[in-house]
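Morning, everyone. Let's get the structure up on the screen and walk through it.

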Amino acid sequence: FVFQQVNDAESTVAVEFTPTIPHCSMATLIGLSIKVKLIRSLPERFKVDVHITPGTHISEHAVNKQLADKERVAAALENSHLLEVVNQCLSARS
């Protein structure tokens, strides 16, 4: 469900994920959680790009736009409730 590409020389990480269903209401939260996990885990020099696999979600363009917008991601992480939900997603064990 996830394709990833790491370019150490250019300090970039690209992750493409596929939501479980084309109308998944959690797609933005899933993408944000992936992005936060990578930002927290990688050295600061890395640029992280997280996006939905093309053609797999009805709102793929809107979700990808939100995930690519640094200010929107920062604002989302300033929301204490949303940050708590993201942290719960990241701490959940399968």
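Start with the helices: in which hand, left or right, does α1 pass α2? The crossing of α1 with α2 is right-handed. Keep in mind that this is a predicted model.

Stay with that pair. Their axes lie 10 Å apart, and the packing angle is about 30°. An angle under 35 degrees counts as roughly parallel. So α1 and α2 are roughly parallel to each other. Who makes the contact? From α1, look for Ala27, Thr28, Gly31, Leu32 and Lys35. From α2, look for Val63, Gln66, Leu67 and Ala68. By class, that contact has five nonpolar residues, three polar and one charged.

Next, α1 against another helix. That is α4, residues 80-91. The two axes come within 10 Å and cross at roughly 75°. This makes α1 roughly perpendicular to α4. On the α1 side, the residues are Leu29, Leu32, Ser33, Val36, Lys37 and Arg40. On the α4 side, they are Leu82, Leu83, Val85, Val86, Asn87, Cys89 and Leu90. By class, the count here is nine nonpolar, two polar and two charged. Note Leu32: it is listed in the contact with α2, and it is listed in the contact with α4.

Now the sheet. It is open, with three strands in the order β1-β2-β3, and its pairing is mixed. Why is one side of β1 and of β3 left without a neighbour in the sheet? Because β1, residues 2-7, and β3, residues 47-52, stand at the edges, each with a single partner strand. On average, neighbouring strands are turned by 10° against each other, direction ignored.

Take the pairings one at a time. β1 and β2 run antiparallel and are joined by six bridges. Val6 has Val13 in β2 as its bridge partner. Asn7 stands opposite Thr12 in β2. Between these two strands, the hairpin has four residues. One of them to look at is Ser11, with a positive phi near 55°.

On to the other pairing. β2, residues 12-17, pairs with β3 in the parallel sense, again over six bridges. Ala14 stands opposite Asp49 in β3. Val15 has Val50 in β3 as its bridge partner.

How do the helices sit on the sheet? α1, residues 27-41, packs on the sheet and touches β2 and β3. Its direction makes about 160° with that of β3. α2, residues 60-68, also packs on the sheet, touching β2 and β3. The direction of α2 makes about 165° with that of β3.

One last stop: the two faces of β2. In a regular strand, side chains alternate between the two faces of the sheet. Which residues of β2 are on the covered face, and which on the uncovered one? Covered: Val13, Val15 and Phe17. Uncovered: Thr12, Ala14 and Glu16.

To recap the layout: an open sheet of three strands, with α1 packed on the sheet and α2 packed there too. α1 also crosses α4 at roughly 75°. Thanks, that's the tour.

Definitions and conventions
Residues are numbered from 1 along each chain as its sequence is written. This is a predicted model: local features need pLDDT of at least 70, side-chain atom pairs count only at pLDDT 80 or more; totals for chains, interfaces and linings use all residues. Side-chain values use heavy atoms; hydrogens and water are left out. Two strands pair if DSSP finds at least two bridges between them. Axes are lines fitted to C-alpha atoms, for helices over the stretch in contact, and angles run from 0 to 180 degrees between N-to-C directions. Contact means heavy atoms within 4.5 Å. Angles under 35 degrees count as roughly parallel, over 145 as roughly antiparallel, 65 to 115 as roughly perpendicular and the rest as oblique. A crossing is left-handed if the near helix is turned anticlockwise from the far one by less than a right angle, and right-handed if clockwise. Ala, Val, Leu, Ile, Met, Phe, Trp, Tyr, Cys and Pro count as nonpolar, Asp, Glu, Lys and Arg as charged, and the others, Gly among them, as polar. Buried means under 20% relative accessible area, exposed over 50%, partly exposed in between (1.4 Å probe, protein chains only).
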